[in-house]
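Hi,

Here is the structure I promised to pass on to you. Have a look at it first, and then read on for what turned up.

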Amino acid sequence: MELLVDTTFAPEEGRLSPDESRHCVSVMRHRVGDNIYISNGTGVIWRCRLTEANARGCLVEIIEEQAEPSRSFSLIMAVALTKNIDRFEWFVEKATEMRVERIIPLVCEHSERVQVRLDRLQRVVIAAAKQSLKARLPIVEEPRKAIDLIRDNTYANTQRFIMHCDAPVSDNCTRKSHLLDLITPGNDLLLLIGPEGDFSQSEIEEAVVRQGFIEATLGDERLRTETAAMTACHIGNLANRTFG
């Protein structure tokens, strides 16, 4: 099955955007009468019959609607922007495949990159969703300062973890526990991953000592930012026994 992902698609109108229409007709070579599959990124895939094969605006008739199965938790990844943006885009691609619900690019005290093109990241998301047949697209936010996110009480009812390489700062902690051992299945997760130079001591202390984040480790190996982020994604899914 090949999937068209058109964030503007409204099933009651049945019209594809010019970009997806060109892809449908010129790249996928579909013709009138063909069955095609469309998602607008909100969790539903529609099986449709192509009624007008126009590269400027294809028209379709809805045949069947299938909702992507819901999950008992949401996975929110707050990841520091990498110096080499290709590595961050690789993470965004893989996070889409792993059904991450929200991606928050972080700007930390030790960050070497502070800006990113969201339109480019959105294209990465859509391409990954097509390849992995994902009906729900992750929300990619504007970059945020790590300290601002740490202090934001929006996620107060979420299990919040910060992964770092330093010694633990908690008074009652002599060794950080593995993330897999700390996650309570069925709860939303907010996972913070720092830059190449790691989070600063002040960021770690603000998160753990004053804001109630749990400090955790991903293991004994020292990982690059994008590797650590994908490891954390995998652990979050593994703890909830799902890879959908």
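Predicted model: local features only at pLDDT ≥ 70, side-chain atom pairs only at ≥ 80, totals over all residues.

V125 sits in helix α3; helices (H or I, at least four residues) and strands (E, at least two) are DSSP runs, numbered from the N terminus. Leaving out residues up to four places away in sequence, V125 touches V92, T96, L137, P138 and V140, where contact means heavy atoms within 4.5 Å.

Residues are numbered from 1 along each chain as its sequence is written, and side-chain values use heavy atoms, with hydrogens and water left out.

Now the chain as a whole. The protein chain has seven helices and twelve strands, and its C-alpha atoms fill a box of roughly 65 × 35 × 30 Å along the principal axes. Of its 244 residues, 50% are buried. Taking contacts between residues at least 6 apart in sequence, 72% join residues at least 24 apart.

Back to α3, which covers residues 118-132. Its 15 residues reach 21 Å from the first C-alpha to the last, close to the expected 21 Å; the expected span is 1.5 Å times one less than the number of residues. Besides V125, the buried residues of α3 include L121, V124, I126 and K130. The partners they pack against are β1 (3-5), α1 (18-27), α2 (85-97) and β7 (139-140). L133 follows α3 and has a positive phi, near 55 degrees.

How do α2 and α7 pack? The angle between α2 and α7 (residues 225-239) is about 10 degrees, and their axes are 9 Å apart. Axes here are lines fitted to C-alpha atoms, for helices over the stretch in contact, and angles run from 0 to 180 degrees between N-to-C directions. So α2 is roughly parallel to α7, a label used for angles under 35 degrees. On the α2 side R87, W90, F91, K94 and A95 take part, meeting E226, A229, M230 and C233 of α7. By class, this contact of α2 with α7 has six nonpolar, no polar and three charged residues (Ala, Val, Leu, Ile, Met, Phe, Trp, Tyr, Cys and Pro count as nonpolar, Asp, Glu, Lys and Arg as charged, and the others, Gly among them, as polar).

Some backbone angles may interest you too. Most residues other than glycine have a negative phi. R29, in the loop between α1 and β2 (35-39), has a positive phi near 60 degrees and is exposed, at 57% relative accessible area. R99, in the loop between α2 and β6 (102-107), also has a positive phi, of about 65 degrees, but R99 is buried at 12%.

Finally, α6 (residues 201-210) has E203, I204, E206, A207 and V208 buried. Their cover includes α4 (146-151), β9 (159-163) and β12 (214-217). Just after α6, G212 takes a positive phi of about 85 degrees.

Best wishes

Conventions
Buried < 20%, exposed > 50% of the residue type's maximum accessible area, 1.4 Å probe, protein only. Parallel < 35°, antiparallel > 145°, perpendicular 65-115°, else oblique.
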